[in-house]
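Take a look at the structure below.

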Amino acid sequence: MKKLFFPIAALLLLAALSACGKEHQCKCVYADGQDHPNALNILVVDGSIKCEDITEFAFEEHTTNANNEHSLTHVDVHKVNCREYGG
């Protein structure tokens, strides 16, 4: 039993470390060049998304109508330029 403990523990540790490395941060600024409140945004995305592929940033508002139906509405949409942030 002791012979299996260390290899299994090492595999679990390796799996945990590799799972943490899949996320990265993207620094995004509005493409129009004007000063806006909250113009600098840091996004945490998974490894399948490249920062350069993010071209639009939007805020959504959750609304409920009289029939108790829920929906999301874009309230603030901006074109953005994003790049890798941090290291």
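H78 counts as buried because its relative accessibility is 15%. Buried means under 20% relative accessible area, exposed means over 50%, and partly exposed lies in between (1.4 Å probe, protein chains only). This is a predicted model: local features need pLDDT of at least 70, side-chain atom pairs count only at pLDDT 80 or more, and totals for chains, interfaces and linings use all residues. Residues are numbered from 1 along each chain as its sequence is written, and side-chain values use heavy atoms, with hydrogens and water left out.

H78 sits in strand β4. Strands (E, at least two residues) and helices (H or I, at least four) are DSSP runs, numbered from the N terminus. The side chain of H78 makes a polar contact with the side chain of D76, at 2.8 Å. A polar contact is a pair of N or O atoms within 3.5 Å; within protein, one must be able to donate a hydrogen and the other to accept it, and residues adjacent in sequence count only if both atoms are side-chain atoms.

Which strands pair here, and in what sense? Strand β3 (residues 56-64) pairs with strand β4 (residues 70-85) in the antiparallel sense, over 9 bridges. Two strands pair if DSSP finds at least two bridges between them. The hairpin of β3 and β4 has 5 residues between the strands, and N68 takes a positive phi near 65°.

Now the cysteines. A disulfide is a covalent bond between the sulfur atoms of two cysteines. Here, a disulfide is called when two cysteine sulfur atoms lie within 2.5 Å. By this rule the count is 2 disulfides.

| Disulfide | Sulfur atoms apart |
|---|---|
| C26 and C51 | 2.0 Å |
| C28 and C82 | 2.0 Å |

What does the pair C28 and C82 tie together? C28 lies in strand β1 and C82 in strand β4, so the pair joins parts that are 54 residues apart in sequence. The torsion about the S-S bond of C28 and C82 is about 115°, so this disulfide is right-handed. C28 is buried at 0% relative accessible area, and C82 is buried at 10%.

The link of C26 and C51 is left-handed, with -80° about the S-S bond. C26 lies in strand β1 (residues 24-30) and C51 in the loop between β2 (40-45) and β3, so the pair ties together parts that are 25 residues apart in sequence. C26 counts as buried, at 0% relative accessibility. C51 counts as buried, at 0% relative accessibility.

With the bonded cysteines of the chain numbered in sequence order, the pairing reads 1-3, 2-4.
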